[in-house]
Amino acid sequence: MITFTLSLVALVLGYFIYGRFVERVFGPDDRPTPAVAKADGVDFMVLPGWKIFMIQFLNIAGTGPIFGAIMGAMFGPVAYLWIVLGCIFAGATHDYLSGMLSVRHGGANQPELIGFYLGKTTKQVMLVFSVFLLMMVGAVFVFSPAKILGDMWEPAVVSDNLGQYTFWIVIIFIYYLIATLMPIDKIIGKIYPLFAFSLLFMAASLMVMLFVKMPNIPELWEGLSVDAFDARSVFPCLFITIACGAISGFHATQSPLMARCMKNERQGRPIFYGAMITEGIVALIWATVAMYFFYDQSMPGYMAIANGGIMENNVITGPVKDAPTIVTLISKDWLLTFGGILALLGVVAAPITSGDTALRSCRLIIADFVKMEQRSIRKRLYISIPLFAAVMALLIWQMGDKEGFNKIWSWFGWSNQTLSVFMLWAITVFLVQQKKPYVITLIPALFMTVVCTTFLITQQLFTLDSQWNWIVAGITLAVSAVWFCLWYRKYQHQ
């Protein structure tokens, strides 16, 4: 628990110290924001700062800082390092600067920002890349909550005639369509703060229980001796597994939604940097809970829960590695009935609220590309109907293939982090152009370029031995660094 406590303090200090430094690098001022200059009553409108924070937090969080942290904890205490350092120096910096760039560019979406700084060709690639990523988010975050709800209850007449989980898939899709079409203050602005509060309250309650129970879990300095539950290499797999809670490219697709609702640029640090630090704290708590579940030296958590009779008629015969199951078991064991309700919100409501904003972002990205105004609901339907049809087709394929979910999730993880690579490079170019200390994003950009390239080559496209990780990483780092130096030299001459 020493590592956990120090990590918690480091994240809080990171917001007040490094977050303020990053804010000064950008330099917010009093110019009119898009919410004021382009108000349309649908996507551009001023919302209260606390509400924007809550929506931004839930938009970027979903189940990411829960499931990702649990799966990342299988690598051992080294997960703490990535959550703390990644969140402060990479993720929160990425979220703040990408959000503020959107504010400065009239609420521009991620592909537009990347195209403005990295060129039109890159913009076209990122447009397609972003749309497919957001569609994958929509498909993944329909099926996982529908499966959980369907395992609890669904009408027999529907499941017998139309297939299992069909009832809840239709219900969630109807909600997605309504939330995507309606003005942002009508549904998202009303229910998101409630769900965000529930997720934060759940995390705070678990943190209190951690200090009450004080589980005997491995510390960071014992990391090399831990027999990790995940047999894959820490590099690069850990940095893909824990995305939300450290750094996630998906966040930059969501930040423009809130950039269009801010009254003043000085709200940016608590909304963008602060929401990411908060997500890092949630990830830190769940990683520690998972450490107890996997590694508690006297009695691992899954054995303690089984001995306590929490499993009722089911018996745990070995380590539990399924993230939703761990969430449910821990919540019910530590927080009792109320914890069970919060667990349901965590594993059902959270992915649903990430899916609807993903599809809303997708609608806006496509609308900007085809230059179609979105004030009228008829124009919103022109984009939403084919978009939802494509997501449904992807979902049907996923359900028809036994490995469909795992395939989509694997590619989603890589795509998510690859988006952050392009955004970090775009921000670096912006900082160079503004004669600001660009090293704050150059180092994360180089690191994430290495991570994503190595993971793609050694894990996704080919299954290579671990020594290839370092060979590919070394080559990627050298090429990326030389490319940047050549571009920088050319820019200085121009």
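## Aromatic pairs

Rings of Phe, Tyr and Trp, the last taken by its six-membered ring, count as a pair if their centres lie within 6.5 Å. By that rule, this predicted model holds 31 aromatic pairs. One of them joins Trp-82 and Phe-447. Trp-82 sits in helix 6 (residues 78-104) and Phe-447 in helix 19 (residues 439-461). The two are 365 residues apart, and their pair links distant parts of the chain. Trp-82 is buried, at 7% relative accessible area. Phe-447 is partly exposed, at 32%.

Ring pairs also build a cluster. Its members are Trp-425, Tyr-438, Trp-483, Phe-484, Trp-487, Tyr-488 and Tyr-491. Elsewhere, a charge meets a ring: the charged end of Arg-269 sits over Tyr-15, 4.7 Å from the ring centre.

## Salt bridges

The whole structure contains 10 salt bridges. Arg-31 and Glu-265 form one of them, at 3.9 Å from N to O. Arg-31 lies in the loop between helix 2 (18-26) and helix 3, and Glu-265 in the loop between helix 13 (250-259) and helix 14 (268-295), so the bridge ties together parts 234 residues apart in sequence. Arg-31 is partly exposed, at 41%. Glu-265 is buried, at 1%.

Glu-265 also bridges to Arg-104, at 2.7 Å. Arg-104 belongs to helix 6, so this pair ties the loop of Glu-265 to a part 161 residues away in sequence. Arg-104 is partly exposed, at 25%. Shared partners join Asp-29, Arg-31, Arg-104 and Glu-265 into one network.

Another salt bridge pairs Asp-43 with Arg-363, with the closest N and O atoms 3.5 Å apart. Asp-43 lies in the loop between helix 3 and helix 4 (49-61), Arg-363 in helix 16 (residues 323-370). They are 320 residues apart. Both residues are buried.

## Pro-34

Pro-34 lies in helix 3 (residues 34-37). Pro-34 is buried, at 2% relative accessible area. Beyond its neighbours within four places in sequence, Pro-34 contacts Ala-39, Phe-44, Val-103, Gly-106, Gly-107 and Ala-259.

## Nonpolar surface patch

Trp-411, Leu-461, Phe-462, Leu-464, Trp-468, Ile-471, Ile-475 and Val-479 make up a nonpolar patch on the surface. Together they have about 760 Å² of accessible area. Helix 20 (residues 466-493) gives the largest share, 4 residues. Val-479 lies in helix 20. Val-479 is exposed, at 53% relative accessible area.

Notes. Residues are numbered from 1 along each chain as its sequence is written. This is a predicted model: local features need pLDDT of at least 70, side-chain atom pairs count only at pLDDT 80 or more; totals for chains, interfaces and linings use all residues. Side-chain values use heavy atoms; hydrogens and water are left out. Patches are made of residues with over 30% relative accessible area and no salt bridge: like charges are joined within 9 Å, nonpolar side chains (Val, Leu, Ile, Met, Phe, Trp, Tyr) within 5 Å. Accessible areas come from the Shrake-Rupley method with a 1.4 Å probe; for residues, only the protein chains shown count as cover. A salt bridge is a side-chain nitrogen of Lys or Arg within 4 Å of a carboxyl oxygen of Asp or Glu. Buried means under 20% relative accessible area, exposed over 50%, partly exposed in between (1.4 Å probe, protein chains only). Contact means heavy atoms within 4.5 Å. Rings of Phe, Tyr and Trp (its six-membered ring) pair if their centres lie within 6.5 Å; planes under 30 degrees apart count as stacked, over 60 as edge-to-face and the rest as tilted. A charge sits over a ring if NZ of Lys or CZ of Arg is within 6 Å of the ring centre and within 35 degrees of the ring normal.
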